[in-house]
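Here is a short briefing on one protein chain. Look over the sequence and the 3D view, then work through the points below.

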Amino acid sequence: MKKYITCKYCNDPKTVIIHRIKERVFKNEYFEIAKCPSCGIIYTCPQISKDEIGKYYTGDYYSYQPFDTSSFISNSKSFKKKLTNLLKKAVLKEIYGYNVTDYPQTPIIKPLLKFIAIIFQHQIGYYLPPFVGNGRVLDVGCGSGTLLYKLKELGFDTHGVEPSQKASEWSKEVGLNIKSCDLNEAKYPDNYFDIVNYSHVLEHLPDLFENLNETKRILKKGGLITIDVPNVSSLERIILGKYWLGWDPPRHYFHFTPEFLKNTLRKHGFNVVKELYPADPRKVIPTAPYLWDYLTKCKYPKLRKYFDPDKNTVLRLILIPIGYVLAFFKQTASIIIWAEVKK
Ligand SMILES: [Zn+2]
């Protein structure tokens with residue numbers, strides 16, 4: 001029998017509990033996922049308070065780890081590195097409009113590189129914001145600063161906010177400009193940033209709507225919010241149901257379909273300018289390694305790598321074409337949206 005509650009956001013009493021899910025790290029609590037038929041919001045119940053949520057993030061949470069500080073574009077003379085560099089430069093230049101040095105400009109090579117960039121844009125492992133010359137970028141929930149470190153190398157004036165002390169300690173150690181607090185506490189000036197980025201962060205914010213208002217205030221007119229979130233409309237979610245990693249309660253407070261995310265942005269004063277379904281092999285079955293652990297009760301952790309396209313080349317090659325098909329049908333496990341502050 002269906003269970004109904006009253007929507008916390010619009011008071012519709014016909015809000016349906018669509019799943020009851022076991023918390024995946026400590027495994028001793030259950031949370032529910034509610035979906036409102038009126039306002040379209042999908043949210044976790046109960047929503048843990050900001051003061052309590054910290055205990056659900058263990059020290060080895062993936063975005064809190066120290067990262068490799070070698071250059072994004074390496075100076076190595078090896079043929080393999082040189083080839084990888086050329087691919088990265090082609091993607092940076094042709095897809096995102098970045099300034100790159102030593103880039104071939106000959107009439108035959110350039111169109112070829114553009115073609116290669118289109119093919120390989122999903123393989124370099126990063127989705128970047130568009131280049132704004134000397135632009136000021138803020139990464140909200142920047143973790144240990146992996147993305148900011150690359151953006152700094154690529155010419156941005158980089159800033160980050162990260163409430164986890166442990167993660168922000170490392171990012172400060174590598175010279176990044178980070179505030180250890182929530183966005184609302186950071187008190188940036190009005191019209192300050194060209195880009196505010198949320199990579200797998202928006203779903204972790206209990207005060208989602210306040211964050212969007214604050215983001216609009218600190219962005220320049222015409223500035224961009226860039227968002228990457230799990231896609232509730234993905235094929236992976238449809239197949240796996242409550243076992244889908246993207247729910248991840250109580251760390252994820254909200255769950256986004258592309259339509260709900262775009263409508264929410266419009267209501268908060270943004271114009272959606274780009275909607276991307278990343279054909280990245282990593283975005284085809286990201287739940288698989290976790291599902292393996294769940295089904296085997298973590299008895300065979302060594303075999304989990306066979307379900308991870310970053311560690312299994314054969315799997316990655318199989319997932320590349322599937323990624324393109326999913327992207328074509330807007331079914332990838334995450335969605336990327338860019339939206340501009342209305343002028
Ligand atoms: Zn509602």
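How many helices and strands make up the secondary structure of the protein chain? The count is 11 helices and 12 strands. Keep in mind that this is a predicted model.

**Overall shape**
- The protein chain has 343 residues and a radius of gyration of 20 Å.
- A compact globule with 343 residues would have a radius near 20 Å, so the chain agrees with that expectation.
- Along the principal axes, the C-alpha atoms fill a box of roughly 65 × 50 × 40 Å.

**Packing and contacts**
- Buried residues account for 34% of the 343 residues.
- Take the contacts in the protein chain with a separation of 6 or more: 67% of them join residues 24 or more positions apart.

**Strands E2 and E3**
- Strand E2 covers residues 15-22, and strand E3 covers residues 30-35.
- E2 and E3 pair in the antiparallel sense, with six bridges.
- In this pairing, Lys22 stands opposite Tyr30 in E3.

**Strands E3 and E4**
- E3 also pairs with strand E4, which covers residues 42-45.
- The sense is again antiparallel, over four bridges.
- Here Glu32 stands opposite Cys45 in E4.
- E3 and E4 form a hairpin with six residues between the strands.
- In that hairpin, Gly40 takes a positive phi near 80°.

**A general point for reading strands**
- In a regular strand, side chains alternate between the two faces of the sheet.

How values were computed. Residues are numbered from 1 along each chain as its sequence is written. This is a predicted model: local features need pLDDT of at least 70, side-chain atom pairs count only at pLDDT 80 or more; totals for chains, interfaces and linings use all residues. Two strands pair if DSSP finds at least two bridges between them. Helices (H or I, at least four residues) and strands (E, at least two) are DSSP runs, numbered from the N terminus. The radius of gyration is taken over C-alpha atoms; the globule rule is 2.2 Å times the number of residues to the power 0.38. A residue is buried if 20 or more other C-beta atoms lie within 10 Å of its own, exposed if 12 or fewer, and partly exposed in between; C-beta atoms are placed from the backbone. Two residues are in contact if their C-beta atoms, placed from the backbone, lie within 7 Å.
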